[in-house]
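Welcome to the tour. Please open your viewer and keep the selection tool at hand.

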Amino acid sequence: MINNVVRAGFACSAIALSISPAQAVDLRFDGFATFEVGQVLDDKELPKDLMGNRLPFRGFDDQINFQSNNVFALQARADLGGDLSATTQIIAKGATDYDAKFTWAYISYDLTPELTLSVGRFRIPYFIYSDTLDVGYSYHFIQPPVNTYEIGGFDATNGVKLEWQTDVGGWTSRATALTGRSDTELTLPMLSAPIKGKVPRLGLLTWSMNHDWFTARAIYAHSSLSIDFKEFLDSNVFNPIEASLAPFDFHFSPGAKKQVYVQEDKAKFYGVGFIIDPGPFFVIAEATTLNLYDSFMRNPNMGQYVSAGLRIGKFTPYITIENAESDFNKKGYQRLVGELPGALHSIQDQTGAFANAHDYLSATLRGLFNADLHEEDAYNLGLRYDFHPSAAFKIEYMMANDHMHNVKPSAIAAAVSVIF
Amino acid sequence: MKSIFSKFAVASAAWMIASFANAEIAVIVNLANQSNITTEDVQKIYLAKTKTFPGGGKIVALDQTEGAAPRMEFVSKIIKKDEAQMKAYWSRLIFTGKGVPPKVMASDAEVVEAVASNTSAIGFVDVGAVTDKVRVVGKF
């Protein structure tokens, strides 16, 4: 890693010569890679989606999988002198057939030794490990706790970032303010084609304080969110219900449907975390809440975990306990049910499962809101072995108690992470 | 005879371990740098928690090759981490743009030379390598 600094004199360019005297540019290349293999232990314990498809657990299914969580990345940083630098990070992931993507591409300028302004594309620092999510070498677990770290693909943004690092009475204070926009394509098992998601106005503040072995961190972010679910929801939910109620000439109001669609909905994100790391052992805990208003998606969405490990020479045994809880948009559900024709109360439910047709349709609508709910306890036991100065081997047993689907999926995974 | 020999071997091994543990490390800066630099400042500099000397002025921190004796001593005595932890820590800074690691020098002599010729430089060497061309801010 450190030996890869290349001092390159870009002095030949006629353009450079015409603008400024010949300059030496410090170019630095770094990289990281993770190769992971894993398998679910009992495929009958995998949760199913609305369409009955078995969903993977932590990226694994019942077939031994060598590819889905693999990562290979290269970073280039050019120090242009005068406190200006340009950085790009290109990541190729097994899950997307090693289609290389620019996760980071930004220009940074040190306004003062304490204040850095960056413009471009970077990771959104929602969580303690967000910034180095793909750098397996930088943390002990195989994957950062999924119940907390799952953010639906909205992990990078294009925008402006201001970082302020300063000393406050022996403590190191780090604050980050970020504003940007992210667009992403989401691939969901129940949808045949990827759909578009947009976070057009993201504002984010993080603050951390570190003293020796103790670090505390807090974050607040807000944005609006749009995900193109409208067509799917119309054809699978609203159109069939309205068609079945054709004799009443019934249509949900646009306002009620808006409570289901994910269209310019307000989103707020809060989180706190701490790290205790005196050396021989460490404890990390994080708790986050995402509030996504006025849609069928879960609100709030809460994730928390505690992870602890012992450092015994080159070995780091560790345990991570996770919990996820969520609730649904009750206001939206009540509004939809409130619009159903009252006469349905006195019509018999054809399926015989409910007291009347009104109850049947209410349950159908409730099913829609329930589909995104997530309640899970998870336990992970693992071992990291630093077998080489630049490489670590990890093995982890992961198990979860998925309360929404009433299944207990488990998996075994191993990984090798390197940096260079 | 055999027992005397084994006693000697044990004693000499103990002496080697003791002398290794006692290898003293000097943190050095340029003669023109009159900043009062504490152990905590050195930690902050090598963990990228500060970019300027306490008395002001930019820092050019110098490192030594991984596995080299002075570096192992420096990392364990002053940074209070082992080299693998140090590497994981730096990987978090490098791949998030929060820091560029100190420049790696090949030997104590190279560090002394670089510090002597750069007013912004700070480095660490075995005390035996210190010359009058650099200022020692601390011995550990």
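For the first stop you need one cut-off: a residue is called buried when its relative accessible area is under 20%. Keep in mind as well that this is a predicted model.

Select strand E13 of chain A, residues 301-310, and show its side chains. Which of them point to the buried face? They are Asn301(A), Gly303(A), Tyr305(A), Ser307(A) and Gly309(A).

Strand E12(A), residues 281-292, pairs with E13(A) in the antiparallel sense through ten bridges; to find one of the partners, pick Val283(A), which is bridged to Ala308(A). Strand E14(A), residues 315-326, is also antiparallel to E13(A), with nine bridges, and here Gln304(A) has Asn323(A) as its bridge partner. Follow the chain through the hairpin of E13(A) and E14(A): four residues lie between the strands, and Gly313(A) has a positive phi near 60°.

Next, select Phe296(A). Its contacts, leaving out residues up to four places away in sequence, are Phe229(A), Leu233(A), Gln259(A), Val260(A), Val262(A), Leu368(A), Phe369(A) and Asp372(A). Phe296(A) is also among the residues that touch the most other members of the largest nonpolar core, which has 68 residues. Another core, of 34 residues, lies apart from that one and includes Ala48(B), Ile59(B), Tyr89(B) and Ile94(B).

Finally, color chain B by pLDDT. Its mean is 86, and 84% of its residues reach 70 or more. Where pLDDT is low, predicted coordinates should not be read in detail.

Technical notes: Residues are numbered from 1 along each chain as its sequence is written. Chains are lettered from A and ligands numbered from 1 in the order in which they are written. This is a predicted model: local features need pLDDT of at least 70, side-chain atom pairs count only at pLDDT 80 or more; totals for chains, interfaces and linings use all residues. Side-chain values use heavy atoms; hydrogens and water are left out. Buried means under 20% relative accessible area, exposed over 50%, partly exposed in between (1.4 Å probe, protein chains only). Helices (H or I, at least four residues) and strands (E, at least two) are DSSP runs, numbered from the N terminus. Two strands pair if DSSP finds at least two bridges between them. A nonpolar core is a set of buried Ala, Val, Leu, Ile, Met, Phe, Trp, Tyr and Cys residues joined through side-chain atoms within 4.5 Å. Contact means heavy atoms within 4.5 Å. pLDDT is the predictor's confidence in each residue, from 0 to 100.
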